[in-house]
Amino acid sequence: MGVGTTNKTYPKWPSTRFTLALLGWLGFVLVYAMRVNLSIAIVRMVQEPPFPVASKQASLKADSPPAQLSEGTRSLTDVVAPTEKEGLINKWNRGFLLWIGFVVLCRYVRFLMGLFEAVTFPAFTAMLGRWVPVFEKSMFAALALSGGTFGNVVCQVAMGHICSLEFMGGWPLGFYLIGGLGMVFVLYWNKYVFSTPQEHPRIDPLELEFIKRNTQPVIAKSSLPWRSVVTSVPMWAILAAHFGNTFVQYGLMTCLPQYLSHVLHFDISQNGELCALPWAFCFVVTQLVSYVTDRMRESKLVTTTQIRRINGLIGAIMPAFFLVLTGYSGCNYIMAVVCVTLAMSFAGFLASAYNCNHLDLSPQHAGTLFGITNTVATMSGFLAPTLASSFTASNPRDRVLWQKFFYASAAIDACGGIFYFLFASGELQNWSGSSLNLSPSRKASSVEKI
């Protein structure tokens with residue numbers, strides 16, 4: 001049966017596919033909350049080790065390079081190095097050794113968390129390729145994947161206040177709460193979510209028919225043509241934009257709390273709320289832009305390629321511009337927060353650019369394609385903190401050194417956005433594995449509500 005919109009449509013909500021997107025959103029909220037909690041807690045953790053030490057000097061300092069690299073890849077020697085300069089190598093006691101062991105354990109635990117969380121994005125993207133009609137891709141993909149942005153908002157505010165509590169030591173409580181919620185979520189996910197519409201026992205037959213008529217047919221046992229993917233310029237465009245944006249997001253996610261604390265001198269509770277503000281605005285912009293994008297595609301005001309490229313350029317250049325301005329904000333915390341907030345707000349355009357572009361190129365292999373670009377882009381998760389540490393290692397409280405980090409992040413983001421604007425495509429690729437090589441931007445779009 002051919003793909004394309006029919007003369008009848010099924011409401012977006014309430015609907016089974018909306019339930020899928022909503023639960024996907026909640027899942028990504030928890031995934032990102034698990035990532036971000038350490039970025040906030042680390043400011044308090046390095047000030048209050050979980051084990052007593054013989055000397056106050058034996059505690060790691062909040063502005064030391066190991067604190068900035070807690071989610072990076074530096075070895076144990078990077079933790080010990082700052083103490084050697086103070087002659088503490090001969091003052092180790094049991095408490096300090098336990099603290100060092102705790103830091104090492106955290107690094108391994110975070111690695112394992114990332115390893116298991118890595119499958120969430122490509123797996124969910126593959127499901128979207130089977131569940132979401134052609135003219136709803138931007139909105140449903142943006143809704144679900146923006147859970148990560150919302151997770152940043154909630155976790156950074158919550159962890160900021162939790163760290164100030166005395167109950168259960170403060171910061172450990174945040175890890176228990178988020179981990180517990182994740183375990184409860186798995187139960188609901190397994191009950192209400194199914195891989196394909198055909199497998200869902202409670203889906204409305206009208207919605208099932210609507211989905212089947214408006215998604216690209218899937219060819220069973222169609223393998224991914226790796227050579228075609230590797231030589232595909234639109235795929236490289238997605239990769240460039242994905243890496244640039246992820247570098248900025250990870251940089252702000254892991255380093256912004258320390259910048260506000262060390263340079264602008266905010267306590268931990270203020271730190272959490274201020275760090276959450278950029279992500280809150282990004283979440284709102286993401287929803288608005290995704291809705292407008294799909295409406296413009298459906299009404300044929302623009303082609304899918306055109307709107308993806310426009311959103312990609314805006315979502316990269318404007319954040320880069322405001323990141324540079326952040327470096328000139330001095331000690332004016334209002335200016336700094338406004339610049340970072342505007343940067344992340346414009347980054348919301350990318351949810352309707354590269355973030356759902358895999359679905360345009362090949363719904364059949366969208367999950368695998370997302371896994372490829374996400375694997376490379378996620379390397380910025382340790383590259384960004386490492387770069388920040390290399391710039392600020394000599395004095396993490398020096399605003400000029402942080403300014404250099406903002407410049408570098410802006411340049412990486414802008415380069416990725418420009419490459420995406422020049423070479424991105426919204427067309428179904430000839431290697432996509434779909435039985436019908438037609439672009440959704442060319443379909444008839446007259447619809448009538450059931």
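Colleague: Is Ser380 buried or exposed, and how do I read that?

Modeller: We go by relative accessible area: buried is under 20%, exposed is over 50%, and partly exposed lies in between, with a 1.4 Å probe and protein chains only. Ser380 has 0% relative accessibility, so the residue counts as buried. Bear in mind that this is a predicted model, where local features need pLDDT of at least 70, side-chain atom pairs count only at pLDDT 80 or more, and totals for chains, interfaces and linings use all residues. Residues are numbered from 1 along each chain as its sequence is written, and side-chain values use heavy atoms, with hydrogens and water left out.

Colleague: Thanks! Where does Ser380 sit, and which residues does Ser380 touch?

Modeller: Helices (H or I, at least four residues) and strands (E, at least two) are DSSP runs, numbered from the N terminus. Ser380 belongs to helix 17, residues 380–392. A contact means heavy atoms within 4.5 Å. Leaving aside residues up to four places away in sequence, Ser380 touches Phe243, Thr246, Phe247, Tyr250 and Pro385.

Colleague: Which backbone atoms does the side chain of Ser380 reach?

Modeller: A polar contact is a pair of N or O atoms within 3.5 Å; within protein, one must be able to donate a hydrogen and the other to accept it, and residues adjacent in sequence count only if both atoms are side-chain atoms. Here the Ser380 side chain reaches the backbone oxygen of Ala377 at 2.6 Å and the backbone nitrogen of Phe247 at 3.4 Å.

Colleague: How many helices and strands are there, and what share of the residues is buried?

Modeller: The protein has 18 helices and zero strands. Of its 450 residues, 56% are buried.

Colleague: Now the surface. Which residues make the nonpolar patch?

Modeller: Patches use residues with over 30% relative accessible area and no salt bridge; like charges are joined within 9 Å, and nonpolar side chains (Val, Leu, Ile, Met, Phe, Trp, Tyr) within 5 Å. A salt bridge is a side-chain nitrogen of Lys or Arg within 4 Å of a carboxyl oxygen of Asp or Glu. The areas come from the Shrake-Rupley method. This patch covers about 830 Å², and its members include Val230, Trp236, Ile310 and Phe421. Helix 11 (233–262), helix 13 (304–327) and helix 18 (399–423) each give two or more residues, and helix 18 supplies the largest share, five.

Colleague: Why does Phe421 count as partly exposed?

Modeller: Phe421, in helix 18, counts as partly exposed because its relative accessibility is 32%.

Conventions
Accessible areas come from the Shrake-Rupley method with a 1.4 Å probe; for residues, only the protein chains shown count as cover.
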